[in-house]
Amino acid sequence: MRGRRLGVLLVLLAAGCTVHQGDIVVPGTTTAEGSSAVAPPAPIAKTAVLEGFSAPESVHFAGNRVFVSNMGTADPQVKDGDGFLSELTADGSVVEAKALPREGDPVLNAPKGMAHIGNNLYVADVDRIVGYDMDTREQVFVAAMGKAGLLNDIAVLNPTTLLVTDTMAASVYRLDLETRQFALLSKGMSGANGIAVDPAGQVAYVAALGVDFGGGNVYRLDLTAETVTPVRFGTLFGIYDGVAIRPNGDAVVSDWVSTPGDEPGAVTVYSPDGTASAAVATPVPLHGPADVALDPDGLSVWIPAVADNRVVLAALPAIAA
């Protein structure tokens, strides 16, 4: 982005409700003129193409605030100081193209997955986890892994613990935010990449891309077990990057399909038993679809396309009643 404002092309798909001009009133009331009340509009699914990023790797919602991690150069392991986080609104408008780190703070190198607890936003950056106060933009936390291969994605386990994937080590770690110490949770997931915890907080899903981007699986981790062992989720095989879990247990998974993104990638919705239930239709082809996020309404998926330098919004299929 380097000083350029992000260009935004936003196309909204109406949800089928009609809203009269004037004030929206709460159901069960009447207007001053005595006419029938108009129900508030239902949430709408969005499709959009947001341009102008720099190797975007991850999207994260903190309430209605949206953060996009930019690796800068496309190499996920280079410590060159050109990484940054952008902040957007929930409708795709740019708040600040280079929101974090603030000027004068330590640099980011190749930031990837994010998570937040309270007002703190955490991001994986090669071999460390960095935390920021989202309002003051001050760096307030750092925990270095030391000999980590490639810290990639983050999920919240509880208010004092993060789950962190290490792609090169094929592992998931617990990070204690109070002691800033890492502890191995589970291993044996080649190319462990994206991670998400189910709404009940009992199962983690790990999307893996395999050895040297050669293809991997998606795994379930039973977080209630004394020994956490990865179990393959369905029979999936692909160059998997991001995973997000819907309220009904469906998994939304991104797949590069090829590397370095020569062929268009894909995003697919899988049922809780691991069978494919729907392909997500996108307004443009995706090259390098990475760490996806679901909007707060659960109607759209935000897909960072690393090789395209854009974030693509696509409508999700409705959850079956």
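## A hairpin to start with

In E6, valine 94 is the bridge partner of leucine 88. That pair belongs to an antiparallel pairing, with 3 bridges, between strand E5 (residues 84-89) and strand E6 (residues 94-100). E5 and E6 make a hairpin with 4 residues between them, and glycine 92 in the turn has a positive phi of about 95°.

Average pLDDT for the protein is 87, and 85% of the residues score at least 70.

The stretch to watch is residues 1-38, where pLDDT stays under 50. The model does have 66 contacts beyond four places in sequence for that stretch. Still, where pLDDT is low, predicted coordinates should not be read in detail.

E7 pairs with strand E8 (residues 120-125) in the antiparallel sense, over 5 bridges. Within E8, asparagine 120 is the bridge partner of isoleucine 117.

## Two nonpolar cores

Which residues touch the most other members of the largest nonpolar core? Out of 16 residues in that core, they are Tyr122, Ile129, Leu162, Leu175 and Phe182. Two or more residues each come from E7, E8, E10, strand E11 (151-158), strand E12 (161-166) and strand E13 (171-176).

With its neighbours within four places in sequence set aside, phenylalanine 182 is in contact with Ile129, Ala143, Ala144, Met145, Leu151, Val164, Tyr173, Arg174 and Leu175. There is also a second, separate core of 14 residues, with Ala192, Ile195, Tyr219 and Val228 among them.

## The E19 to E22 sheet

Further on, there is an open sheet of 4 strands in the order E19-E20-E21-E22, and its pairing is antiparallel. What sits at the edges of this sheet? Strand E19 (240-245) and strand E22 (276-279) do, each of them pairing on one side only. Here the twist averages 25° from one strand to the next.

E19 and strand E20 (residues 251-255) pair in the antiparallel sense, with 4 bridges. To see how they line up, look at alanine 244, which stands opposite valine 252 in E20. As a rule when viewing strands, side chains in a regular strand alternate between the two faces of the sheet.

Notes: Residues are numbered from 1 along each chain as its sequence is written. This is a predicted model: local features need pLDDT of at least 70, side-chain atom pairs count only at pLDDT 80 or more; totals for chains, interfaces and linings use all residues. Side-chain values use heavy atoms; hydrogens and water are left out. pLDDT is the predictor's confidence in each residue, from 0 to 100. Contact means heavy atoms within 4.5 Å. Two strands pair if DSSP finds at least two bridges between them. A nonpolar core is a set of buried Ala, Val, Leu, Ile, Met, Phe, Trp, Tyr and Cys residues joined through side-chain atoms within 4.5 Å. Buried means under 20% relative accessible area, exposed over 50%, partly exposed in between (1.4 Å probe, protein chains only). Axes are lines fitted to C-alpha atoms, for helices over the stretch in contact, and angles run from 0 to 180 degrees between N-to-C directions.
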